[in-house]
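Let's walk through this one together, feature by feature. Ask as we go.

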Amino acid sequence: MHHKLLISLFVALLVSSCAAPVQTPPAAYVAPNSGALARLQVRSLKLAGPAIFYSFDDPRTCSGGRIITDTWASQGVLKGSTAVRADEPVTVWLSYLAPGERSCNIVRTFKPHTDKNYLAYALATETGCSLSIQDITDPSNPRNEQTFVPRTYVPTSVAQRPHCVAADIDAQLAKPRKPNLSGMKMEELAPLLPANSENAK
Amino acid sequence: MNRGPGVRAMVLSRYVVLSLLATFVASAAQGMEPEKLFKLVSPSVWLVRTFDRDGLPLSSGSAVVIRPHALITNCHVLGEAGSFSLVKDKVSFKGKLEQVDLERDLCLIAVTDEHFKAPAVTVADSDQLTVGQRVMALGNPRALEMTLSDGLISRLQKNDDEQLEAIQTSAPFSPGSSGGGLFDMEGRLVGITQRIDVLAGSQNLNFALPINWLMNLTERSKVQLDEYYRANAKTMSISK
């Protein structure tokens with residue numbers, strides 16, 4: 001009972017800036033038990049504030065949020081393990097309320113493969129949070145998941161989801177993700193860029 | 001058989017020549033002294049000073065001359081800049097961005113000013129590097145011009161196809177070193193100093209980009225720029 005109340009309070013805090021009334025907290029995630037499946041494990045170090053790890057019924061529009069695990073279930077850490085649908089997009093949402101009521105929200109989509117084992121790892125500091133997903137099917141050789149696509153988080157009311165824009169998520173998932181060592185977008189060099197080349201016309 | 005004094009002297013002189021030769025070969029294998037190396041390569045390493053779109057100072061980094069009038073640096077050195085200059089010994093030249101490989105964080109800069117006479121460095125084959133090999137980093141950490149540091153190649157980071165992806169070195173570098181040179185003890189450029197691991201508990205984990213990546217910079221830049229221009233043209237036509 002206490003647990004549910006805390007979740008309701010956290011959800012209310014997350015959406016306190018929205019006009020729409022807060023309804024019941026999101027339902028628990030129900031793991032699929034047939035078809036192509038993969039396993040998703042969720043972990044974090046001990047977090048200073050409350051956190052919830054969700055998946056969505058609709059991974060494209062991020063509607064129908066379901067709680068996979070939260071910090072109340074395991075004394076301040078995220079700890080869970082569940083089956084997820086394989087070979088189709090899965091969108092996860094890490095929502096963390098840092099001390100001082102600073103919220104941190106990360107939404108990511110990836111495409112798990114059949115029978116693979118994935119680890120979603122949440123890290124949080126006083127100023128923010130991060131989320132990684134690794135393929136740990138071979139635990140001695142964990143690999144960063146290559147189909148891990150960042151989504152734009154759109155804060156809105158719980159009742160009114162979506163929390164992310166659908167955009168061209170399928171195209172992005174299909175495209176192999178290239179490392180970007182500069183961590184930059186071309187726009188950041190815009191004033192310096194050389195004139196357009198012939199091929200771009 | 002008893003050897004006369006003349007034969008003994010000949011054997012001795014041969015021994016002396018061989019010893020001298022061995023000393024010379026050994027010192028050649030160790031490479032040049034750091035002072036000599038600095039003298040050789042420092043004219044080719046420049047400070048990059050960036051300015052925002054209002055012309056106000058923004059940040060600084062390093063760049064290395066790889067051809068006459070052409071320098072290589074890290075793209076992140078130029079991030080958010082409206083313009084930039086190459087600076088050395090209080091002399092400054094305007095730079096122009098020519099090629100961009102954001103994925104590998106390598107950008108090619110041109111300096112068209114005819115007074116820019118900086119010599120190009122010699123480039124080594126970074127695929128031939130070995131762990132334990134001594135190297136020197138030269139750059140401008142915190143805008144402290146021409147800071148030389150030394151270390152070893154600590155690790156060669158390779159991908160699944162055994163291609164070199166990063167050179168980990170114990171030669172320390174700091175913010176502002178980005179785009180500087182990592183040199184072998186022959187004074188040849190083996191890498192471009194790019195990043196440090198700043199996670200709590202990390203010690204002296206520094207990474208440079210393999211210099212062999214220069215070989216396909218032109219084509220990779222073209223692909224990335226064309227993709228950007230195409231996407232931009234599409235956005236512009238949609239917003240019209």
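Q: In β5(A), which residue is the bridge partner of A:Y54?

A: That's A:W93. Strands here are DSSP runs of E with at least two residues, helices are runs of H or I with at least four residues, and both are numbered from the N terminus. Two strands pair if DSSP finds at least two bridges between them. In this case β2 (residues 51-58) of chain A and β5 (residues 90-98) of chain A pair in the antiparallel sense over 5 bridges. Another partner in β5(A) is A:V92, the one for A:S55.

Q: Before we go on, what kind of model is this, and how are things numbered?

A: It is a predicted model, where local features need pLDDT of at least 70, side-chain atom pairs count only at pLDDT 80 or more, and totals for chains, interfaces and linings use all residues. Residues are numbered from 1 along each chain as its sequence is written, and chains are lettered from A and ligands numbered from 1 in the order in which they are written.

Q: Which strand does β5(A) join through 9 bridges?

A: β6 (residues 102-110) of chain A, running antiparallel to β5(A). A:V92 sits opposite A:R108 there. The two strands make a hairpin with 3 residues between them, and A:G100 in that hairpin takes a positive phi near 90°.

Q: Is β5(A) largely enclosed or open?

A: Start with the idea of burial: a residue is buried if 20 or more other C-beta atoms lie within 10 Å of its own, exposed if 12 or fewer, and partly exposed in between, with C-beta atoms placed from the backbone. For β5(A), 8 of the 9 residues are buried, so the strand is largely enclosed by the rest of the structure. Across chain A, 31% of the 201 residues count as buried.

Q: What is the strand order in the 5-stranded open sheet of chain A?

A: β3-β2-β5-β6-β10, with antiparallel pairing. β3 (63-70) and β10 (149-151) are the edge strands, each pairing on one side only. Neighbouring strands are turned by 30° against each other on average, direction ignored; the axes behind that angle are lines fitted to C-alpha atoms, and in general angles run from 0 to 180 degrees between N-to-C directions. As for the whole chain, 2 helices and 10 strands make up its elements.

Q: How many helices and strands does chain B have?

A: 3 helices and 14 strands. Of the 240 residues in chain B, 36% are buried. Seven strands form an open antiparallel sheet in the order β5-β4-β1-β2-β3-β7-β6. At its edges are β5 (91-94) and β6 (96-101), each with a single partner strand, so one side of each is left without a neighbour in the sheet. The twist averages 35° from one strand to the next.

Q: What joins β6(B) to β7 (residues 106-110) of chain B?

A: 5 bridges, with the strands running antiparallel. B:L97 stands opposite B:I109, and B:Q99 is opposite B:L108. The hairpin has 4 residues between the strands, with B:D105 in the turn at a positive phi of about 60°.

Q: Which residues touch the most other members of the largest nonpolar core?

A: A nonpolar core is a set of buried Ala, Val, Leu, Ile, Met, Phe, Trp, Tyr and Cys residues joined through C-beta atoms within 7 Å. In the largest, with 51 residues, B:V64, B:L71, B:I72, B:L78 and B:F183 touch the most other members. This core draws at least three residues from each of domain 1 (38-110) and domain 2 (122-215) of chain B, bounds that come from an automatic or database domain assignment. A second, separate core of 35 residues includes A:Y54 and A:L131.

Q: Is B:M136 buried or exposed?

A: Buried, with 23 other C-beta atoms within 10 Å. B:M136 lies in β9 (residues 134-139) of chain B. Contact means C-beta atoms, placed from the backbone, within 7 Å. Leaving aside residues up to four places away in sequence, the residues B:M136 touches include B:P34, B:L148 and B:F183.

Q: How many residues of chain A are in contact with chain B?

A: 18, in contact with 23 residues of chain B. On the chain A side, they divide into 10 nonpolar, 6 polar and 2 charged. Here Ala, Val, Leu, Ile, Met, Phe, Trp, Tyr, Cys and Pro count as nonpolar, Asp, Glu, Lys and Arg as charged, and the others, Gly among them, as polar.

Technical notes
Two residues are in contact if their C-beta atoms, placed from the backbone, lie within 7 Å.
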